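This report covers a sheet, the helices beside it and a pocket. The structure is shown first.

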Amino acid sequence: MLVIDAANVIGSRPNGWWRDRPAAARGFTARIREAVTDGRLDAPVIIVLEGRSREGADEGVTDGVEVAHAPGEGDDTIAVLAGRHRGAVVVTADRELARRVRAVDAEVVGPSWLLDRLSP
């Protein structure tokens with residue numbers, strides 16, 4: 001199980017994503033689905049969206065990728081998901097979130113780990 005802190009990963013590249021958060025989330029979700037379909041990432045994958053980014057992708061599962069809308073802080077939703085799925089791998093560079101998910105036996109990898117796998 002791969003759990004992605006979308007805000008943290010999308011925000012790791014200064015490419016103007018902040019001008020249109022829904023579009024950034026939509027494009028990111030499409031790239032993740034493509035990577036799963038192409039075998040560059042293994043399903044299941046959960047992308048956690050928060051704030052305005054939630055407008056960019058509907059909740060649900062498509063092609064082995066689930067989009068989850070955080071009702072509040074994305075970190076709280078990610079910590080809960082990591083606790084439910086023992087051995088999950090969480091993609092984030094957030095130190096506090098990394099500490100929280102390691103406490104429930106999740107592994108943590110940084111945004112570059114994921115971004116490297118998104119390039120065909």
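## Sheet

In this predicted model, strand S2 (residues 45–49) runs parallel to strand S4 (residues 65–69), and 5 bridges join the pair. Within this pairing, Ile47 stands opposite Val67 of S4. Helix H2 packs on the sheet and touches S1, S2, S3 and S4. The direction of H2 makes about 175° with that of S2.

The sheet as a whole is open and has 6 strands, in the order S3-S4-S2-S1-S5-S6, with mixed pairing. Strand S3 (60–62) and S6 are the edge strands, each pairing on one side only. From one strand to the next the twist averages 25°.

## Helix H5

Helix H5 spans residues 111–118, and its buried residues are Pro111, Leu114, Leu115 and Leu118. These residues lie on the same side of H5 because they cover an arc of only 100° around the axis. An α-helix has 3.6 residues a turn, so residues three or four places apart point the same way.

## Largest pocket

Which residues line the largest pocket? They are Val9, Ile10, Arg13, Asn15, Trp17, Ala24, Phe28, Arg31 and Leu115. Leu115 is also one of the buried residues of H5.

H1 and H2 are the elements that give two or more residues to the lining. The largest share, 3 residues, comes from H2.

Methods. Residues are numbered from 1 along each chain as its sequence is written. This is a predicted model: local features need pLDDT of at least 70, side-chain atom pairs count only at pLDDT 80 or more; totals for chains, interfaces and linings use all residues. Side-chain values use heavy atoms; hydrogens and water are left out. Buried means under 20% relative accessible area, exposed over 50%, partly exposed in between (1.4 Å probe, protein chains only). Helices (H or I, at least four residues) and strands (E, at least two) are DSSP runs, numbered from the N terminus. The arc is that of the directions from the helix axis to the C-beta atoms. Two strands pair if DSSP finds at least two bridges between them. Axes are lines fitted to C-alpha atoms, for helices over the stretch in contact, and angles run from 0 to 180 degrees between N-to-C directions. Contact means heavy atoms within 4.5 Å. On a 1 Å grid over the protein atoms alone, a cavity is a set of points where a 1.4 Å probe fits but cannot get out, and a pocket is an open set with protein on both sides within 12 Å along at least five of seven lines; lining residues have an atom within 4 Å of a point.
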